[in-house]
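User: I'm new to reading protein models. Could you walk me through this one, question by question?

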Amino acid sequence: MRIRSNGLWRNVLSEIRRAETVCKYGLEVDAMRRRLQPDWTTQVPEGLDPCLITQDVAKLYALAQAPVDFSRASQVDNSEVDYDKTIAMLRDNIIDAGSNNWAIAPQNTLSKRPILANDPHRGHAVPSLRYIAHLVAPGLNVIGAGEPALPGISIGHNENIAFGLTIFSIDQEDLVVYESRKQTYRYKNRWLPMQTVSEIIKIRDKPSEVIELQFTRDGPVIHKSNKHAFAVRAAWLEPGMAPYFGSIEYMRANNWNQFLAALNRWGAPSENQVYADVNGNIGYKPAGLTPIRKNYDGLMPIPGNGKFEWHGFYDMDALPVQYNPAKGFVATANAMSLPSDYDYKTKKIGFEWAEPWRINRIDEVLSNSEQHTLQSSIDLQRDYVSVPARRILSALDLKKLPQVASELFSDWDYSLAVDSAPAALFEIWMNHYLVPLLIDDKTGLTDSRVLGRFDKLVAIEHFESLDVMRREKISASTLRSAIIEVSELLGANYLEWEWGQVHQMKFRHPLQHIANADEQEILKINTVARGGSADTPNA
C-alpha cells in the first residue's frame with residue numbers, strides 16, 4: 001500500500017466554498033460566514049464567474065488529503081462514498097486544527113528559568129504523525145517529536161534551545177480557472193498544451209489501469225468541465241517543500257540568531273515557531289513560504305488569464321517577530337497573530353484564521369501570574385474553560401432562563417468538564433440551536449447551515465448587539481429545544497447529565513470493515529469520553 005504524505009495546506013477548499021457562497025448569496029453573506037482578519041473586504045477577481053466553481057471541483061483534491069478508506073463501498077462501488085462530507089470535514093478542520101504553544105520568560109516563572117509548552121492537537125492515527133525520538137550523534141543531541149517519513153525533530157529541544165510549532169495561516173494556494181478545450185488551456189491570448197503524465201496503477205487480480213495526469217503552467221489539474229480546467233497553484237509544490245523538513249536545520253541551532261537563520265529554509269506547512277533557550281531568552285517567529293500577490297488577495301479562485309500572478313516569495317524578514325517581549329511570554333493558537341501595526345494591505349499574508357477563543361484563554365492565564373511552573377503549563381494544556389460560554393451567559397440574566405438552564409448555569413465555572421451537566425446543555429444549545437438561529441437572523445437566510453460552518457464569533461457579536469429583551473427571547477426559545485434534545489439523549493434527570501456521555505472519541509480500525517467477527521473483537525477499541533471542545537485550550 002502506497003500512501004501519500006503531506007502537510008496542512010491552505011486555502012483551495014476555502015476558495016471553492018467562498019465562490020459557491022458568493023454565487024448563491026453574494027459577498028455580504030460570505031463576509032458573515034467567515035470573519036476575515038485583519039479587517040478586510042474581498043472582491044470577485046475581474047473575469048471570474050464564481051458560479052463556475054462547484055463541489056465537483058473539490059472532490060479529487062479532498063480525496064488526496066482524506067484518510068485511506070478500506071471500506072467495500074469505496075473499493076467496489078464508490079457511488080456510496082460521501083464526498084461532500086469528506087470535503088466539509090477537511091475544509092472546516094484545516095484552519096481550526098487546534099494547536100497551542102507558548103514560551104514563558106524567567107521573570108514569570110517560579111524556577112526563574114523559561115518554560116516552553118507545545119500541544120499540536122493532531123488526530124490520532126496509525127502511523128502517528130508524531131513519534132518521540134532522541135537523536136545523538138557528533139555535534140547533535142536532540143529529543144522530541146518528528147514525523148515518521150522524515151529525519152529530524154520538529155517539536156522538542158537540544159542542549160541549548162527548545163522549539164515548538166502551531167499552524168500560522170499563510171495562504172499558500174490558489175485555484176486557477178482556465179478556459180480549456182481538448183488537451184489545451186488558454187493563458188493570456190495563447191492556447192497552450194497541457195503536460196500529460198501517465199501513471200500505471202496495479203490492481204490485484206485485475207489488469208493494471210493507466211491514469212493520465214494533466215498539468216498547466218500553474219500546477220496540477222484537479223477537475224475539468226466541458227469548457228474549463230481547474231488547476232492548483234501551490235507553494236508546497238516548490239522544490240524543497242517536504243513538510244516539516246525545515247526542522248532538520250533548526251534542531252541543530254544553539255541560539256536565537258541561528259534559529260532565525262534556519263527558519264529562512266522553512267517552507268511548509270506555515271507555522272508559528274516559539275523558542276526558549278538556557279540563557280533565559282524566549283521568542284516567536286512565524287515561518288513559511290509566502291507568495292507575493294500584488295493585485296489580489298488570494299481569497300477566491302482566479303482566472304488563468306495572466307493578470308493574477310505570484311511575483312516570487314517574501315523573505316522571512318517580512319513576517320513579524322517577537323524576542324523577549326515586555327509582557328513576559330509569547331503564545332499562539334492558530335488565531336490571527338499579526339501585530340496591530342503590520343502592513344497587511346501591502347503584504348497579504350492571509351486572512352483566514354482560527355477563532356480567538358483558545359488564544360484568549362491562554363493569554364488570560366499566562367497574564368495573571370508571575371509564578372508559572374511546569375505543572376501550570378500542563379494544567380493550561382488540559383484547560384476546559386470555554387470563553388464563548390462566559391461571553392454568552394454574561395450577556396443574560398440567568399434567573400430569567402428556563403428553570404433547568406437557570407439552575408445548571410447559575411453556579412457554573414464555564415468549564416466543559418467530562419462529567420459536567422451544564423457543559424452538556426450549553427454545548428448542544430450553542431451549536432445546535434443558538435448559533436444557527438443567530439446566523440439566520442443576521443444573514444436573513446432561512447437555513448444558513450447549507451453554507452457549512454459559520455464563525456461563532458460572528459454569531460456571538462450579533463447576540464451581544466441585540467437588546468436585552470431580544471436576547472432573552474432567543475435564549476428562552478432555543479434553550480427549550482436544547483433541553484428536549486439533551487433529555488432525549490441523556491435522560492430526564494438533568495442533574496445526572498454529563499458532557500462526556502455525548503462528547504466522545506470513537507476509534508475504528510481502518511480494516512474493521514473486512515475483518516471477520518473474531519478479528520473485529522481483537523481490533524475493537526473502547527470509546528473515550530472527553531471534556532472540552534474546539535473552543536478550549538484542551539481542544
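User: How many bridges join strand 3 to strand 4?

Analyst: Quick background: this is a predicted model, where local features need pLDDT of at least 70, side-chain atom pairs count only at pLDDT 80 or more, and totals for chains, interfaces and linings use all residues. Residues are numbered from 1 along each chain as its sequence is written, and side-chain values use heavy atoms, with hydrogens and water left out. Strands (E, at least two residues) and helices (H or I, at least four) are DSSP runs numbered from the N terminus, and two strands pair if DSSP finds at least two bridges between them. Strand 3 (residues 131-137) and strand 4 run antiparallel, and the number of bridges joining them is 7.

User: Which residue in the turn of that hairpin has a positive phi?

Analyst: Strand 3 and strand 4 form a hairpin with 2 residues between them. Further along the pair, histidine 134 sits opposite isoleucine 143 in strand 4. Back in the turn, the residue with a positive phi, about 80°, is glycine 139.

User: Is strand 4 mostly covered or mostly open, and how many of its residues are buried?

Analyst: "Buried" means under 20% relative accessible area, "exposed" means over 50%, and partly exposed is in between (1.4 Å probe, protein chains only). Strand 4 (residues 140-146) also pairs antiparallel with strand 5 (residues 155-157) through 3 bridges. Strand 4 is mostly covered, and the buried count is 5 of its 7 residues.

User: What is the bridge partner of tryptophan 102 in strand 20?

Analyst: Strand 1 (residues 100-104) and strand 20 run antiparallel, with 4 bridges joining them. In strand 20, the partner of tryptophan 102 is alanine 331.

User: Why are the buried residues of helix 7 on the same side?

Analyst: Helix 7 (residues 256-263) has Trp256, Phe259, Ala262 and Leu263 as its buried residues.

User: Which residue caps the N-terminal end of helix 7?

Analyst: Look for a side-chain oxygen 3.2 Å from the backbone nitrogen of asparagine 257. The residue that supplies this oxygen, and caps the helix, is asparagine 255.

User: Is glutamate 46 buried or exposed?

Analyst: Glutamate 46 lies in the loop between helix 2 and helix 3 (59-65). Leaving out residues up to four places away in sequence, glutamate 46 touches Pro303, Asn305, Lys307 and Phe308, where contact means heavy atoms within 4.5 Å. With 56% relative accessibility, glutamate 46 counts as exposed.

User: And threonine 216: buried or exposed?

Analyst: Threonine 216 lies in strand 11 (residues 206-216). Among its contacts beyond four places in sequence are Tyr178 and Ala231. At a relative accessible area of 10%, threonine 216 is buried.

Conventions: Polar contact = N/O pair within 3.5 Å; in protein donor to acceptor, adjacent residues only side chain to side chain.
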